[in-house]
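I opened my notebook to look up a few things in one structure. The entries follow in the order in which I made them.

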Amino acid sequence: MRLILRAILVIALLLIVILTSAWASLALWYRLPMADIPRGVIAGLFAVLGLFTVVTLFGRRRLKAMIVYAVTFALVCIWWSTIQPDRNADWAPDVARQVTGTVDGDILTLTDLRDFGWRSNTDFTERWENRSYDLSRIEGIDLFMSYWAGPEMAHFILSFSFQGGEQLAWSVEVRRRKGGAFSPLADLFKTNPLVIIAADERDVVGVRSNVRGEDVQIYRLRASPAAARRLLLEYVADANALARKPEFYNSLTTNCTTTVVKMMRAVGSAIPFDWRLIVNGYIPDYAYDHDAVDTSIPLTQLRESAHIAERAKADGLSEDFSKAIRVGVPAPARRTAP
């Protein structure tokens, strides 16, 4: 029995050292403020320390080795805790501003709403506007899924509908610097801050469908006006909080999907955990299973009608873009109760 317990302990320590040394080595590589060579040397030395500790776990010096490793790892964690997101940097133009909002009765006023005119990824007209919305005229929510890397992963955008056909889209994104790019691995290690964008659909949806060539799909959600209002105000609250205190984007824990799920739970929506909330390309399937979209037709038919590429390109980012991309898209009966 003693041998079995010792074997279990060694295996547990082995896994802990392997995982923590991999994390610490990558953290040092991505975040140490040094040139590539010294940064790589330090990250490599920690990996060697981890490897040495793994080897000594099978010898008589394992206690000393674990103490040295634990102290070194603790120092890395202390350094890691001091890294804070930048407030000011040379941000890429499309994420240069964080939207904020104020509410006076039923009137929501947004500052720095994005309305770019896109001609290509590098050729666009910058427009940041202040706009007001009557919350008493809100009707519901639509979900956009923009597939950029196969069927497993997508960018997640929610758009709020108002009486009269007005749409207000919200996108949780990586706040990149000029010349920077999204990296799922690098953004696990405090590389870029989080930014919440409020925008015209012609901008935040159109740039993905018409300029970047992503597979954008739209799903009309079965949400009541009261639920839509609560979620919209949660977006505003989170945006205001980010403006006061920046946070890091994290590819696993703080991304376009997890942030919205957190908001929905904050306003009382039941969002049961599901693997599709992580592999978020399958969120339409998740929504279908939970009766959040039109379930009167098969999911395959719903998905087929959701693709907006042909309609979006035929429209060409006109003033009627939002109306054009919804032609033929099934809309479920809106819930009347919260």
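**Entry 1: Ala 154**

I note here that the model is a predicted one. Ala 154 sits in strand β7. I then listed its contacts, leaving out neighbours within four places in sequence: Met 145, Ser 146, Tyr 147, Trp 148, Cys 256, Asn 280 and Gly 281. I also took one distance, from Ala 154 to Ile 11. The two are 143 residues apart in sequence, and their C-alpha atoms are 37 Å apart in space.

**Entry 2: the chain as a whole**

I stepped back to the protein chain. How many helices and strands does the protein chain have? I counted eleven helices and ten strands. The C-alpha atoms fill a box of roughly 75 × 50 × 40 Å along the principal axes. The chain has 338 residues, and buried residues make up 48% of them. I also looked at contacts between residues at least 6 apart in sequence, and 68% of these join residues at least 24 apart.

**Entry 3: the largest pocket**

I turned to the largest pocket, which has a volume of about 770 Å³. Its lining consists of 33 residues, and those nearest its centre are Trp 148, His 155, Val 174, Phe 182 and Arg 208. Which elements give two or more residues to the lining of the largest pocket? I wrote down β7 (154-162), β8 (167-174), α5 (206-211) and α7 (256-266). Sorted by class, the lining has 18 nonpolar, eight polar and seven charged residues.

**Entry 4: the cores**

I looked for nonpolar cores next. The largest has 44 residues, and those with the most contacts inside it are Leu 110, Leu 158, Phe 160, Leu 168, Trp 170, Leu 232 and Tyr 235. Helix α6 (residues 225-244) gives the largest share of this core, seven residues. Another core lies apart from it and has 18 residues, among them Val 95, Phe 144, Ile 218 and Val 329.

I followed up on Trp 170. Not counting residues up to four places away in sequence, Trp 170 touches several residues, including Val 99, Leu 110, Ile 157, Leu 158, Phe 160, Leu 232 and Tyr 235. Its contacts also include Ile 196, Ile 197 and Ala 198.

**Entry 5: cysteines**

How many disulfides does a search of the whole structure find? The search gave zero. Cys 256 has 5%, so Cys 256 is buried.

**Entry 6: Arg 202**

Is Arg 202 buried or exposed? Its relative accessibility is 18%, and Arg 202 therefore counts as buried. The residue belongs to helix α4 (residues 201-204). Leaving aside neighbours within four places in sequence, I found Arg 202 in contact with Asp 115, Arg 127, Val 207, Leu 317, Ser 318, Glu 319 and Phe 321.

**Entry 7: positive phi**

Most residues other than glycine have a negative phi. I noted two residues with a positive value. Leu 317, listed above as a contact of Arg 202, has a phi near 60 degrees. Leu 317 lies in the loop between α10 (309-315) and α11 (321-325). At 18% relative accessibility, I put Leu 317 down as buried.

Asp 291 is not a glycine either, and its phi is about 60 degrees. I found Asp 291 in the loop between α8 (283-289) and α9 (299-306). Its relative accessibility is 32%, so Asp 291 counts as partly exposed.

Thr 56 is in helix α2 (residues 36-56). With a relative accessible area of 10%, Thr 56 is buried. Apart from neighbours within four places in sequence, Thr 56 is in contact with Arg 61, Arg 62 and Ala 65. Thr 56 and Met 66 are ten residues apart along the chain, and 8.6 Å separates their C-alpha atoms.

Ile 78 is in helix α3 (residues 62-81). Why does Ile 78 count as exposed? Its relative accessible area is 52%, and exposed means over 50%.

Key: Residues numbered from 1 in each chain as written. Predicted model: local features only at pLDDT ≥ 70, side-chain atom pairs only at ≥ 80, totals over all residues. Heavy atoms only, no water. 1 Å grid on protein atoms, 1.4 Å probe; cavity = no way out; pocket = protein on both sides within 12 Å on 5 of 7 lines; lining within 4 Å. Points joined across faces, edges and corners; volume = space filled by probe spheres on them. Helix = DSSP H or I, 4+ residues; strand = E, 2+ residues; numbered from the N terminus. Nonpolar A, V, L, I, M, F, W, Y, C, P; charged D, E, K, R; others polar. Disulfide = S-S within 2.5 Å. Buried < 20%, exposed > 50% of the residue type's maximum accessible area, 1.4 Å probe, protein only. Contact = heavy atoms within 4.5 Å. Core = buried A, V, L, I, M, F, W, Y, C linked by side-chain atoms within 4.5 Å.
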